[in-house]
Amino acid sequence: MASVVEYKGLRAGYHCGYCDSAAGKASCGMWAHSMTVQDYQDLIDRGWRRSGRYVYKPVMNQTCCPQYTIRCRALQFQPSKSHKKVLKKMLKFLAKGEISKGSCEDEPMEPSMEDAVAGDMALINRLDLQCDLKNLGDNLKESLEREVKKKGKSTKKEESKEFIQSQDRNEELGSGEPSHAVEVHAVPKPGKGADLSKPPCRKAKEIRKERKRLKLMQQSPAGGPEGFQAPREPKTKPNQPKSLEELIFESLPEDSSHKLEVRVVRSSPPSSQFKATMLESYQVYKRYQMVIHNHSPDEPTVSQFTGFLCTSPLEPENPPNGPDCGYGSFHQQYWLDGKIIAVGVIDILPSCVSSVYLYYDPDYSFLSLGVYSALREIAFTRQLHEKASQLSYYYMGFYIHSCPKMKYKGHYRPSDLLCPETYVWVPIEQCLPCLENSKYCRFNQDPEAADEGRSRDPDRLQVLYKKAILPYGVFKQQQREPGEEAAVLQYASLVGQACSERMLLFRT
C-alpha cells in the first residue's frame, strides 16, 4: 500500500511550546492518511516528525527554536554515571521499596503533545473530522468514551492471559511481540520453582563426563583433545563497566518489594491487549497532563488522547527479516505490581526505534521514569537489532540547543544531529561549538556539499487526483489553480525525490 498525504504548506507566526514565544514558530506540515514505515523512515531522516497523523517539519532558519533531529547510536551506547544512578535507584525500589530522598533525577520532559504543535491544533482537529478515508481513531475514540462512562468497572478482567507469561533471559528485553511481557524477575520463593540465581541441577552422569573431559584437557599439551573445547571463563576485566543490559536486569532478591513488567503492545491497528488497557492508559495520561503540565481536569479530552497518542498513519509490516513484532506503532507499557505507571509511545522503523512521547503517573516521579524509559528503549533497540540487523539507532525526536530544558537529549552518547541543509548525520560533539554561536547551523562543513536526496525531477512526483494516480507532469497540465505549482514544488523539495515518487500527494 502506498503512502497517501495531503500537503498543508507553511504555517508561521504561532505559539511555541518550548520558549513560550507567542508568534515565533514556523513549520510545514501534511496530513498522512496512510504511510509506509520506509517512507516515514526516509522522512525523519530529512527532519520530519509525526504527531498522530499530522507530519510536520520545522522551518529551521525561521523558527524561534530550531529543532534538530537527534539519534543515538544504540549499539555503541554506554550509560553515564547519572544513567547508572537512575537504574540503581529503580533496582533499590523494586528490591526493598526504597524511595530516594532529595531532588528528582528525572530529565526535563517534552512539552505536551498539544503544545508541540500548538499552532496546528485547529487544523489537525479539522482534518481529523474531514478525513473521508477509514480513520482508525474514530473507532478508538468511541470505544474509549464508552469505557470512560463506565467509571466503576475495571478493565483488568479483560486483560489477556498472554500478557503475564514469563520469558527466559533471551527474551527479557522484549521481542516486541504484543502478547508478551518483559519482566524484571524476582527469584522464586522456596518451593515455588527453580532458583534462577543458581546453576541448574545436573545429573551425576553429566558431572562424571565433565570431570573426565577436564582431566583429558589437562593431560593434552594442546589444551584439549581433538573435538573438545575447554569451557570458557567469562572474559571480565577488573575495571570493565557493566553493560546496559546487565544494569537493567540485575538479579533481585527473592523477597523483592515490587515487580516491574514492560509490555509492548501494538497501538495501530490496536491489538486486543491495547484495547483492554486503553482506559487505564488514558487515566495515567490525564493525571500526567494535570500534574506535570498543569492542564485543567477536563483536559485532555478522549479525542486528544486517541488523536495524538493512539492513532498513527503507519501501516504495520511483518517482513521475514524484520523484528518478531513487525514494524509500525506501539505502546511500551510499564506495569508496577499490576498497574500501569508509564507508557512510552514508539515507532519501530526499518533503521530505528523512534521515540514519540512518554507519559507517566506523577506519583512515581521519584523513579526518574523519563531517563529510565529512554534507557529501556535503547536496550530494546539493541534487542531488535539481533533479528533486524539494519535496525541499530534510537531516535529521540528533536534536540533544541537554544532551549536549556531540552538539551538533555545530548547526554545519550554517542549521538548525531541531522544537518538541516544536506541531511547528513554529524556527531554531536562537532555540532555543539557551532550551536553555541548561533541557533541555526549548517553542520556539514563541506561548503560544496548539497542535499543528495533533493528533488531533481518534480514532474515524476506522484499525484492522487479523482481516484487516479498520475505523474505531476501530467497533472499540472490540467490545473490552473493559483499557487498550486508553488505548493507542489515546496512539498517536493521537503520530502525529497525518492519519497515524492513513492508517496501519493492527494489533490482536490
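Author: Start with burial: a residue is buried when its relative accessible area is under 20%. In this predicted model, Tyr54 is buried, as is Tyr56.

Reader: How are the rings of Tyr54 and Tyr56 arranged?

Author: A pair of aromatic rings is described by the distance of the centres and the angle of the planes. For Tyr54 and Tyr56 the centres are 6.3 Å apart and the planes are at 15°, so this pair is stacked. Tyr56 also pairs with Phe398: the centres are 6.3 Å apart but the planes are at 65°, so that pair is edge-to-face. Because Tyr56 is in strand β4 (residues 54-58) and Phe398 is in strand β11 (residues 393-399), the pair ties together parts 342 residues apart in sequence. Phe398 and Tyr56 are both buried.

Reader: Which residue lies over the face of Phe398?

Author: Arg49 does, at 5.9 Å from the ring centre. In another case, Arg263 has its charged end over the ring of Trp335, 4.1 Å from the centre.

Reader: How many aromatic pairs does the structure hold?

Author: There are 17. One aromatic cluster is formed by Tyr282, Tyr285, Phe305 and Tyr359.

Reader: Which residues have the most contacts inside the largest nonpolar core?

Author: In soluble globular proteins, nonpolar side chains tend to be buried together. Here the largest nonpolar core has 120 residues, and Met30, Met35, Tyr359 and Tyr412 have the most contacts inside it. Helix α10 (residues 369-385) supplies the largest share of this core, 9 residues. Beyond its neighbours within four places in sequence, Met35 is in contact with residues including Val5, Met30, Leu43, Pro313 and Met503.

Note on methods: Residues numbered from 1 in each chain as written. Predicted model: local features only at pLDDT ≥ 70, side-chain atom pairs only at ≥ 80, totals over all residues. Heavy atoms only, no water. Core = buried A, V, L, I, M, F, W, Y, C linked by side-chain atoms within 4.5 Å. Buried < 20%, exposed > 50% of the residue type's maximum accessible area, 1.4 Å probe, protein only. Helix = DSSP H or I, 4+ residues; strand = E, 2+ residues; numbered from the N terminus. Contact = heavy atoms within 4.5 Å. Phe/Tyr/Trp six-rings, centres within 6.5 Å; stacked < 30°, edge-to-face > 60°. Lys NZ or Arg CZ within 6 Å of the ring centre and 35° of its normal.
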